Amino acid sequence: MKVLLFICKFFLLTVKSQLTGVLTFHVLTASKMAKSFESLGLSKWLLNQIKKIGLTSPTPIQEACIPSILAGKDCIGAAKTGSGKTFAFALPIVEKLSEEPSGFFALILTPTHELAYQISEQFLVIGKPMGLRVAVISGGTDMMLESQNLMKRPHIVVAMPGRLADHLTGCDTFSFDALKFLVVDEADRVLSGSFDENLKIINQKLPEDRQNLFFSATLKDFLKESQVFPISKDVIEWSEESDVATVETLDQRYILCADYDRDMILIETLREFKEKNEQGNVIIFTNTKKDCQLISMTLNAIGFENVCLHGFMRQKERVAALAKFKSGHIKILIATDVASRGLDIPSVQLVLNHRLPKFTKEYIHRVGRTARAGRIGLAISIFRFPRDLEYLAEIETTIGTKLAEHKVDQRLVERIFMQVSVAKREAEMQLDTKDFDERIQNYRRKRWLEEGLDPDVEEAKYRREQKRKLKERRKARQEENIRRKKEQNPLMQDDRFKEIDAKKFERPKKGQKVNKTDSTQNIKQKLKFEKK
């Protein structure tokens with residue numbers, strides 16, 4: 001009976017595809033889809049392995065995509081963060097691999113080191129009974145070691161585009177001629193244009209006769225129109241229908257701050273949360289590598305043990321930091337957007353946006369690190385008042401819901417003002433002694449050398465460009481201030497902001513007293529919580 005129902009559904013969808021040219025699934029109700037992994041066409045050994053790892057029933061994206069991938073269709077899948085996208089492509093790939101084992105069976109492209117390693121771990125878990133071999137090609141490790149792993153003909157290759165392109169142009173010890181699957185995870189990022197040169201090199205080495213699978217948290221039209229990886233006209237396109245772009249179990253809030261007290265509000269919010277949830281894991285997002293390092297050092301100085309994760313850390317350091325956080329040994333992770341996509345750490349209860357992401361879609365990915373797989377989570381973002389109100393409006397429009405205010409005791413913020421300022425200044429001095437800026441410059445020069453460019457000439461161009469951008473930012477800020485004075489921000493008429501006194505967010509004037517009652521030692525004592 002189940003088989004008959006599935007055939008009928010597939011027939012109706014096929015008729016629809018002939019009319020539109022694209023076969024499109026939309027999740028309406030769970031009752032209209034399969035309700036168990038047994039009904040998706042997977043082998044018994046794989047079903048047993050699924051049970052062993054604790055998966056009880058498929059998520060909507062798994063229900064929709066697994067049968068189609070097994071049927072040989074190209075697929076574009078989009079669903080909210082934490083919805084099980086990785087297993088939506090991993091399970092059918094392993095199923096097909098078990099039927100016809102061969103090396104270089106599937107290639108998975110992903111934008112970050114951390115996500116590459118996480119995907120490889122998930123493949124290894126489900127493919128353990130058949131001795132699945134996986135190679136991660138992501139940089140940060142010895143290129144010769146990666147080449148040796150590729151020479152062993154792994155079944156699955158998980159790679160970052162840049163590093164894989166280097167291998168393909170630098171040696172001919174392996175081939176993707178027999179490749180059956182190309183998967184692009186976080187496709188909205190990988191296919192956005194920034195990786196195109198590397199993707200063109202990769203595509204030249206791949207067979208045309210393959211299945212293309214694109215997965216992301218957000219569905220974009222350019223995924224179907226990719227010039228680098230053309231996808232078939234009868235592609236299965238599935239997206240989760242919802243007016244809200246984030247999961248229902250996520251509580252999203254905002255805090256208003258001035259330009260000068262963002263760090264103090266961050267620390268007071270963190271202190272309050274840890275006081276109530278001592279064992280809760282927290283991810284704090286910021287925008288730059290330097291800010292990430294500074295916040296980490298500042299928090300460590302005042303009693304919050306943490307690890308940080310950013311692009312200038314060596315691969316071993318990044319893996320070790322993430323392992324400490326995942327294991328629960330360290331409860332706080334400070335990160336740039338390298339941790340915003342795909343990382344599945346179920347224990348994360350709070351996401352704090354110290355600085356807002358540049359693009360609203362990145363906000364969705366950041367807050368998606370909590371409230372995963374039906375769990376409850378909290379996301380708090382710090383907005384400057386009134387400068388960031390327009391951006392708040394953009395975020396609320398994008399996600400389809402309004403954020404609630406998170407109350408912070410301003411008196412406690414004022415009490416730690418001087419201590420946090422001193423701790424951050426000391427961190428800045430320590431960071432200078434570590435030649436952080438020199439490491440940034442060396443990283444640029446290394447990249448230019450790899451591209452065959454003169455690093456001295458390029459450095460001069462870079463500095464001129466930075467000066468030009470700084471002038472543009474200052475000019476844009478002045479124009480923005482003038483425009484803001486002339487135009488009334490519509491969000492200012494929102495009931496949440498009507499009664500707010502803007503003077504509270506102005507920088508203190510010279511000579512104005514600041515509360516200095518607490519010593520740094522007292523702050524440390526307050527931040528240490530006695531075990532019950």
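Of the 532 residues that make up the protein chain in this predicted model, 48% count as buried. The chain's secondary structure comes to 19 helices and 15 strands.

- Helix α6 covers residues 143-151, and its buried residues are E146, S147 and L150. These residues sit on the same side of α6, because they cover an arc of only 100° around the axis.
- The packing partners of the buried residues of α6 are the strands β4 (134-137) and β5 (156-159), together with the helix α7 (161-170).
- Just after α6 comes R153, which takes a positive phi of about 55° although R153 is not a glycine.
- R153 belongs to the loop between α6 and β5, and it counts as partly exposed because its relative accessibility is 41%, which falls between the 20% limit for buried residues and the 50% limit for exposed ones.

**The second largest pocket**

- The second largest pocket holds about 1100 Å³ of space. Its lining is formed by 45 residues, and those closest to the centre of the pocket are T59, G82, S83, G84 and A373.
- Three helices, α3 (60-70), α4 (85-99) and α5 (113-126), each supply at least two residues of this pocket's lining, and the largest share, five residues, comes from α5.
- Sorted by class, the lining of the second largest pocket consists of 14 nonpolar, 18 polar and 13 charged residues.

**Cavities**

- When the whole structure is searched, two cavities of 30 Å³ or more are found.
- The largest cavity has a volume of about 60 Å³, and the residues that line it are D263, L266, I267, L294, I295, T298, L299, V420 and K424.
- Two or more residues of the largest cavity's lining come from each of α10 (262-276), α11 (289-301) and α16 (417-433), with α11 giving the largest share, four residues.
- The lining of the largest cavity divides into six nonpolar residues, one polar residue and two charged residues.
- The second largest cavity has a volume of about 50 Å³, and it is lined by K80, T81, A245, T246, V247, L250, I364, V367 and G368.
- In the lining of the second largest cavity, five residues are nonpolar, three are polar and one is charged.

- If residues up to four places away in sequence are not counted, S296 touches N306, V307, C308 and I334.
- E472 lies in helix α18, which covers residues 455-486, and E472 counts as partly exposed because its relative accessibility is 43%.
- The side chain of E472 also makes a polar contact, at 2.3 Å, with the side chain of R468.

**Backbone details in loops**

- F385 and P386 are joined by a cis peptide bond, for which omega is about 0°. P386 is found in the loop between β14 (377-384) and α14 (389-399).
- F104 is a residue other than glycine with a positive phi, whose value is near 50°.
- F104 is found in the loop between α4 and β3 (106-109), and F104 counts as buried because its relative accessibility is 2%.

Note on methods: Residues numbered from 1 in each chain as written. Predicted model: local features only at pLDDT ≥ 70, side-chain atom pairs only at ≥ 80, totals over all residues. Heavy atoms only, no water. Buried < 20%, exposed > 50% of the residue type's maximum accessible area, 1.4 Å probe, protein only. Arc of directions from axis to C-beta. Contact = heavy atoms within 4.5 Å. 1 Å grid on protein atoms, 1.4 Å probe; cavity = no way out; pocket = protein on both sides within 12 Å on 5 of 7 lines; lining within 4 Å. Points joined across faces, edges and corners; volume = space filled by probe spheres on them. Nonpolar A, V, L, I, M, F, W, Y, C, P; charged D, E, K, R; others polar. Polar contact = N/O pair within 3.5 Å; in protein donor to acceptor, adjacent residues only side chain to side chain.
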